[in-house]
Protein chains: 2
Amino acid sequence: MSDYPHNPSGYGYGQPPPSQMYSSAPYGGAPPSQMQSSAAYGGVPPSQPQSSAPYGGAPPPSQPYSNPFASLTPSVFPPGTDPNVISCFQMADQDGSGFIDDKELQKALSSYNQSFGLRSVHLLMYLFTNTNIRKIGPKEFTAVFSSLQNWRAIFERFDKDRSGKIDSSELREALHSLGYAVYGPVLELLVSKFDKTGGMNKAIEYDNFIECCLTVKGLTEKFKEKDTTYSGSATFTYDSFMLTVLPFLIA
Amino acid sequence: MSDYPHNPSGYGYGQPPPSQMYSSAPYGGAPPSQMQSSAAYGGVPPSQPQSSAPYGGAPPPSQPYSNPFASLTPSVFPPGTDPNVISCFQMADQDGSGFIDDKELQKALSSYNQSFGLRSVHLLMYLFTNTNIRKIGPKEFTAVFSSLQNWRAIFERFDKDRSGKIDSSELREALHSLGYAVYGPVLELLVSKFDKTGGMNKAIEYDNFIECCLTVKGLTEKFKEKDTTYSGSATFTYDSFMLTVLPFLIA
């Protein structure tokens with residue numbers, strides 16, 4: 001635990017307890033040393049966006065957050081973008097506007113994945129553009145594509161019996177492999193919120209898993225923005241608290 | 001503005017700007033001096049729960065938050081409870097258990113009001129019991145009844161043309177008369193989140209207004225719990241942030 005001398009409380013960004021920290025090998029993909037640097041926030045220099053670190057094998061999402069007007073001005077595909085992604089974008093952009101709106105994205109995702117509600121699409125667009133404009137360009141599309149591909153692979157890895165859903169402990173491992181270690185009560189809340197059966201199954205299906213990943217990723221990033229000293233604590237004014245939280249409410 | 005010497009930033013619990021502070025008379029009900037003490041947080045002594053202050057003419061909701069096990073042990077009706085409330089409770093408690101569960105509450109509310117989704121019922125129960133147990137006793141039922149009665153009256157007061165919906169500026173006034181003054185960007189977010197048409201109408205119907213009131217009331221109270229020095233700022237650890245926010249997500 002020499003990486004976390006300033007975090008005696010054991011909190012921080014979902015940092016798992018010591019016993020779990022060293023049992024990260026079975027999660028596959030990332031070697032333990034990488035797991036630690038992605039799970040623990042303190043070790044990452046502030047200039048490097050943490051959001052790109054946890055995505056296992058996926059390419060970094062090109063920092064779509066850096067420009068708040070990214071969805072207003074046309075973006076371009078990052079160098080070396082998979083031609084499949086480019087052709088997906090072109091197919092999804094049905095009106096040829098150079099942007100993909102919420103309905104177009106929903107349609108594109110619903111063919112790629114099983115189902116995708118409009119509210120999930122809105123949360124996705126908000127998190128990858130940091131605006132409520134509900135349009136994304138090539139760059140943001142590439143980041144969305146990459147994250148979803150990664151989340152899908154992780155879901156499939158943990159859905160060992162191919163039941164189409166993962167239970168609470170599998171969810172914990174799945175989130176952990178994404179760099180988010182949530183502690184027991186938070187995990188319970190996530191399962192109760194994202195379980196379609198209202199808590200009967202105590203399990204999450206694929207589309208709700210994506211919503212859950214989006215929520216955990218988004219809330220964690222918003223929290224980090226306020227935790228400027230990387231202390232594991234963040235201070236909000238009332239207005240900033242409301243502005244941070246409300247976009248995650250799905251009405 | 002002599003009440004707020006320690007709040008130069010103009011933040012605090014949705015405290016309106018000075019020009020608005022003194023235009024509170026038209027909101028009816030509360031005289032300006034009362035409006036100020038309910039809208040501004042700093043002036044309320046810590047021992048008095050702010051939650052009971054803003055409800056205009058409604059009786060204080062008997063502090064249902066004080067006992068975290070309120071929904072485990074049978075509660076009793078507060079002295080002087082309106083007999084109508086008692087008979088409503090008895091009708092709603094269809095299995096005679098002494099508690100009302102989520103389905104029973106939904107049924108009771110859907111006859112009293114137009115419609116009431118199960119997710120709103122769950123948020124309501126969470127906020128009035130501070131647990132996820134989804135059962136309420138007589139005391140909590142009385143508080144729910146009183147709040148809903150008050151919110152309904154306020155909605156009707158601001159829905160001047162009886163269209164069944166209120167627009168953005170009416171929502172701001174309605175929330176203000178409940179003691180919550182939200183600033184422009186937060187108001188915009190609330191309307192975009194709780195407008196059933198996904199932002200087309202820029203207006204909120206009655207059932208979404210209730211959800212909106214529940215959300216603003218609940219988030220404000222959670223924020224206050226962390227703002228122990230009444231400074232207008234609150235500090236959260238990552239875990240406490242997640243535990244605070246997740247219950248408000250409606251999956």
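Chain A can be laid on chain B by a turn of 180 degrees and a shift of 0.0 Å along the axis, giving an RMSD of 0.0 Å. The two copies are thus related as by a two-fold rotation axis. For this superposition, least squares was applied to the C-alpha atoms of residues with pLDDT of at least 70 in both copies. In chain A, the residue that comes closest to the rotation axis is A:Thr235, with its C-alpha at 2.1 Å.

The copies meet through the same surface, because 100% of the interface residues of chain A are also interface residues in chain B. Contact here means heavy atoms within 4.5 Å.

## How to read the model

This is a predicted model, in which local features need pLDDT of at least 70 and side-chain atom pairs count only at pLDDT 80 or more, while totals for chains, interfaces and linings use all residues; side-chain values use heavy atoms, without hydrogens and water. Residues are numbered from 1 along each chain as its sequence is written, with chains lettered from A and ligands numbered from 1 in the order in which they are written.

## Chain A at a glance

Chain A has 10 helices and five strands; these are DSSP runs numbered from the N terminus, with helices (H or I) of at least four residues and strands (E) of at least two. Of its 251 residues, 51% count as buried, meaning under 20% relative accessible area, with exposed over 50% and partly exposed in between (1.4 Å probe, protein chains only).

The unreviewed UniProt entry annotates residues 80–115 and 146–181 of chain A as "domain: EF-hand"; such annotations may be inferred rather than shown by experiment. Residues 146–181 of chain A are 64% helix and 8% strand, and the end C-alpha atoms of this span lie 21 Å apart.

Just after H5(A), A:Asn130 takes a positive phi of about 65 degrees.

Helix H3 of chain B (residues 83–92) has B:Val85, B:Phe89 and B:Ala92 as its buried residues. They cover an arc of only 70 degrees around the axis, which puts them on the same side of H3(B); the arc is that of the directions from the helix axis to the C-beta atoms. The face turned away from this buried side carries the exposed residues B:Pro83, B:Gln90 and B:Met91.
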